[in-house]
Amino acid sequence: MKYLDLRLDLPDRMLHPMQEFIRDGDAVRYEEMLAWRVRPEEDVEFALYYVEAELEPYRAAVSEVETIVDCRITPIDDSSAHVWVCEETRPETRAWRDAFADRQLIVVPPIRFDDAAVMAMTVVGSGSDIQDTLETVPPEVDVTVEEVGTYDRRGGTLAGTLTDRQLAAASTALRLGYYEVPRGATLEDVADALGCAESTASVLLRRAERDVLSRVLDRYGGRVERTGTSPK
């Protein structure tokens, strides 16, 4: 089973009004879509979001979106909330989402929105379906493939961003004191404990550090640029 980490940067004509609100203002610090349900026979969809934002401007922006039929904002505290939305399916949304339809693919929640309204998601399925999807995304959508590989991530925690080998390397390094100041172990010590070459241990640790920090900074430190494809 393969996975694909990608970012979708939609052209202006396809942007949802709330994506424009995120991109053009500073009220929203972070947003992710936690779950969704599409009812194509009725041209309506439901979604649950987690948002960190100034809630009054966010509430006002939602109220101006004509396609939103119903919206319920439940504050968690003064600067975060869960948002339940019922919305008519927009043709602009269907235009890019059709690339994922009728394929044996699953989008792994959440879908994350950065401060430029770029969507980051993980798609899991067969390699051929993933390739077909990339080939049928509308050409005006800017697609950045961040990573491709065999899906072996753990769910439910930040460590779920790591592969088993990365998690083992990071856990071993932490246990040996590699991250202490001053260091209590060398990279060679970590490699010996893992039973691999020093260069392999270095790559595993650097990729683990990159993936965890990228996820943290995407959420709390603004947009993080990552380029290229890094097989595990």
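The following numbered points comment on a predicted model of a protein chain.

1. Overall architecture. The chain comprises seven helices and eight strands. Of its 232 residues, 42% count as buried. Where contacts link residues at least 6 apart in sequence, 63% of them join residues at least 24 apart.

2. Surface. The accessible surface of the protein chain amounts to about 12,400 Å². Carbon and sulfur atoms account for 51% of that area.

3. Cysteines. A search of the whole structure returns zero disulfides. Cys86 is buried, its relative accessible area being 10%. Cys71 has a relative accessibility of 24% and therefore counts as partly exposed, since buried means under 20% and exposed means over 50%.

4. Helix α6. This helix spans residues 187–194, and its buried residues are Leu187, Val190 and Ala191. Viewed down the axis of α6, these buried residues fall within an arc of 100°, so they line one face of the helix. Gly195 follows α6 and has a positive phi, near 75°.

5. Leu213, Val216 and Leu217 make a nonpolar surface patch of about 230 Å². Val216 lies in helix α7, which covers residues 198–220. The relative accessibility of Val216 is 31%, so this residue counts as partly exposed.

Technical notes:
Residues numbered from 1 in each chain as written. Predicted model: local features only at pLDDT ≥ 70, side-chain atom pairs only at ≥ 80, totals over all residues. Heavy atoms only, no water. Patch = residues over 30% accessible without salt bridge, like charges linked within 9 Å, V, L, I, M, F, W, Y side chains within 5 Å. Areas by Shrake-Rupley, 256 points an atom, 1.4 Å probe, with all protein chains shown as cover. Salt bridge = Lys/Arg side-chain N within 4 Å of Asp/Glu carboxyl O. Helix = DSSP H or I, 4+ residues; strand = E, 2+ residues; numbered from the N terminus. Buried < 20%, exposed > 50% of the residue type's maximum accessible area, 1.4 Å probe, protein only. Disulfide = S-S within 2.5 Å. Arc of directions from axis to C-beta. Contact = heavy atoms within 4.5 Å.
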